[in-house]
Amino acid sequence: MEKRIVIIGAGVAGNNVLLFLLENRKDEKITVLKKEEIAYFSTCGIMYPLQEVHGLTLKNLVLKEAKAYVDQGVDFRTSIEVTGINLDENSIDAGGEKLNYDVLVIATGKKPFIPEISGTELEGVCTISNEIDAELTEKAIKDEKKKNAVVIGGGMIGLGAAIALLNKNKKVTVIEKNSHLMPAILDPDMSALVKDRLEEIGIKFIIDKPATSINGNGKVEGVTAVDEEIQADIAILTAGVSPNVDLARNAGVDIGELGGIVTGPGLHVKRNGKYLSNVYAAGDCIEIIDGVTNRSMLCQMGSAGAAEAKVVADNTLGGSSVFEPCFAPTSIPVAGLNIATVGITSSKAAEYGIQVIEGKATKIARSGYFPGVKNITLKMLFDTTGRLVGAQAISGEPVAERMNTLMYAIKNGMNAKEMLYMPRVFDASVALLVDVTINAITDALKKM
Ligand SMILES: Cc1cc2nc3c(=O)[nH]c(=O)nc-3n(C[C@H](O)[C@H](O)[C@H](O)COP(=O)(O)OP(=O)(O)OC[C@H]3O[C@@H](n4cnc5c(N)ncnc54)[C@H](O)[C@@H]3O)c2cc1C
């Protein structure tokens, strides 16, 4: 009998499981169910239309319509909610129908974290997590009657939203409850470079204070951060995302301390502490292992979801792939600056009792004889044995590939001296002969 594979959810994770299965399947019957209408939408691209860059619209971010999958024999169901999973019967409930599976993949993703403050239901409060709320947010941003905006949460998505609002001539204030912007990926000194840049272009900040209420009568009129009220007719909530695990939890799947589905090396889920051999999970809804701390983490990046999807798909087809501990490589453009990070920050190191030695350098990113060359600031964190455990780079030049290289160095346990004494590729158009990496390592070695 053909193997019945059911995938719940089709964001980055569900779609990539499906795409990999389609490349490698034999005679499996594949069913995919998702709540939204579009089969595959690029959530990662949402900021481009919101900021009106590259001439992109939200419609351009449709990567696949359901028909493309149906034509390949997939039972792809959109606009449908899965309401229950029965792990004993190997079945799910959706749209009044019971569907049996031999293998189940849970890829239910994320939901925007809504802080417990008053006023989140008011008209003018927006979130940015998928094509549906992005469309509503886009309308609010483009509404010329709305002049004042507050963004609650100064992480990657919040800062992207702030720029989108500024581009439409709104007066923008970002409220961040932590002591610096992008606290999940940047140290305070690196974060200050981003804040300086955003202040230069006109964004205001309230830092180290939480938003305590959204005020208004039916619609947003202001936002209070402890003792300050800012006038606003739009409030964008970008205070993070939570794993969407209600369905899994109700079915009895184990949920971890960070609120995500607990997964093992092969991305099987657990029930009562025991792995289920035919149920997997992938994407923003799962907890994985942090490669530096060896503790559970929520990565919640499309890049991680796509890598997890390959492991799940391979194992679904009978393979024995293992998802490697993750170093959370991240890259994001903010107002002409490219920010890329990998591994742990100083504050995460402190949280886990890892003492770090930092090395930092700023210089031009590539040979000065090229017109318009920009600076790069690179910060590298080493543990007391000299092993690289984290890096953060900010530049007007591309930095993402540098982070991938440093990720491999972290993964392979390279130490500062090994990195310093290995010859590096020299291409004058992308780096210097004595590159910023060498200066940052040298700076750290002086302190070891
Ligand atoms: C603005 C923005 C920019 C981003 N930029 C980047 C980037 O540059 N790089 C990067 O790596 N990451 C980026 N991310 C993160 C990335 O988008 C997410 O990690 C990724 O989308 C998560 O995919 P997912 O499949 O796990 O979950 P989701 O995209 O949340 O998909 C979950 C799916 O599950 C379905 N579902 C849930 N419950 C049910 C149910 N009961 N029944 C049926 N279906 C259900 C939903 O309908 C949906 O289809 C960005 C995120 C945002 C919001």
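Predicted model: local features only at pLDDT ≥ 70, side-chain atom pairs only at ≥ 80, totals over all residues.
Me: How many bridges join β1 to strand β2, and which way do the two strands run?

Reply: Let's take the general idea first. Strands of a sheet pair through backbone hydrogen bonds, either parallel or antiparallel. Two strands count as paired if DSSP finds at least two bridges between them. Helices (H or I, at least four residues) and strands (E, at least two) are DSSP runs, numbered from the N terminus. Here, β1 and strand β2 (residues 29-33) run parallel and are joined by 5 bridges.

Residues are numbered from 1 along each chain as its sequence is written, and side-chain values use heavy atoms, with hydrogens and water left out.

Me: Is strand β1 mostly covered or mostly open?

Reply: For this we use relative accessible area: buried means under 20%, exposed over 50%, and partly exposed in between (1.4 Å probe, protein chains only). Strand β1 (residues 4-8) is mostly covered, with 4 of its 5 residues buried. Strand β26 (residues 337-343) is mostly covered too, with 5 of its 7 residues buried.

Me: Which strands pair with β26?

Reply: On one hand, strand β25 (residues 330-334) pairs with β26 in the antiparallel sense over 5 bridges. Along that pairing, Ile332 has Ile339 as its bridge partner, and Thr330 has Thr341. On the other hand, β26 is joined to strand β29 (residues 388-395) by 6 bridges, again antiparallel. There, Thr341 stands opposite Gln392 in β29.

Me: What lies between β25 and β26?

Reply: The two strands form a hairpin with 2 residues between them. Ala335 belongs to that loop, and its phi is near 50 degrees, a positive value in a residue other than glycine. Ala335 counts as buried because its relative accessibility is 17%.

Me: How are β15, β16 and β17 arranged?

Reply: They make an open sheet of 3 strands in the order β15-β16-β17, paired antiparallel. Because β15 (213-215) and β17 (228-231) stand at the edges, each with a single partner strand, one side of each is left without a neighbour in the sheet. Neighbouring strands of this sheet are turned by 25 degrees against each other on average, direction ignored. Between β15 and strand β16 (residues 222-225) there are 3 bridges, and Ile214 stands opposite Val223 in β16.

Me: Which residues come nearest to the ligand?

Reply: A residue is near a molecule if one of its heavy atoms lies within 4 Å of it. Of the 28 residues around the ligand, Ala13, Glu36, Val82, Lys110 and Asp284 come nearest. α1 (12-24) and α8 (302-316) each supply at least two residues of this shell.

Me: How far is the polar side-chain atom of Glu36 from an oxygen atom of the ligand?

Reply: A polar contact is a pair of N or O atoms within 3.5 Å; within protein, one must be able to donate a hydrogen and the other to accept it, and residues adjacent in sequence count only if both atoms are side-chain atoms. For Glu36 the distance is 2.6 Å. A polar side-chain atom of Lys110 lies 2.9 Å from an oxygen atom of the ligand, and a polar backbone atom of Val82 is 2.8 Å from a ligand nitrogen atom.

Key. Axes fitted to C-alpha atoms, helices over the stretch in contact; angles between N-to-C directions.
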